Amino acid sequence: MVETALKNRTYGEIPQDARIYLYCGIANLNLKYMIIAEQMFLRCMVEPDIVSEAQSHLALVYGEQGHLEKSAEMYKAALM
């Protein structure tokens, strides 16, 4: 029964999924895995409660990658 539920489940259908992506993004950011961190932060942007937190972390990723304009845009978006 559990296996069937897991197979039929789609990611992002409950808010906790977004929070998990945020935490995975933070972990990968700390490990300097910037591409994976970026993907995790982008995935969790669907949850309104954590969008600004994801945007601020995404700004850090873009800054580390040298994309300073994208980084500044994300910081501005996180503050609004």
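A quick convention before we start: a crossing is left-handed if the near helix is turned anticlockwise from the far one by less than a right angle, and right-handed if clockwise. Helices here are DSSP runs of H or I with at least four residues, numbered from the N terminus. This is a predicted model, with local features needing pLDDT of at least 70, side-chain atom pairs counting only at pLDDT 80 or more, and totals for chains, interfaces and linings using all residues. Residues are numbered from 1 along each chain as its sequence is written, and side-chain values use heavy atoms, with hydrogens and water left out.

So, H3, residues 34-43, packs on H4, residues 51-64, at about 155 degrees, axes 9 Å apart; axes are lines fitted to C-alpha atoms over the stretch in contact, and angles run from 0 to 180 degrees between N-to-C directions. That makes H3 roughly antiparallel to H4, a label for angles over 145 degrees. H3 passes H4 in a left-handed crossing.

Next, H4 against H5, residues 68-79: the axes come within 8 Å and cross at roughly 165 degrees.

What lies over the face of Tyr62? Lys70 does, at 4.4 Å from the ring centre; the test is NZ of Lys or CZ of Arg within 6 Å of the centre and within 35 degrees of the ring normal. Tyr62 in H4 and Lys70 in H5 are also both among the residues where these helices meet, contact meaning heavy atoms within 4.5 Å.

Notes: Helix = DSSP H or I, 4+ residues; strand = E, 2+ residues; numbered from the N terminus. Parallel < 35°, antiparallel > 145°, perpendicular 65-115°, else oblique.
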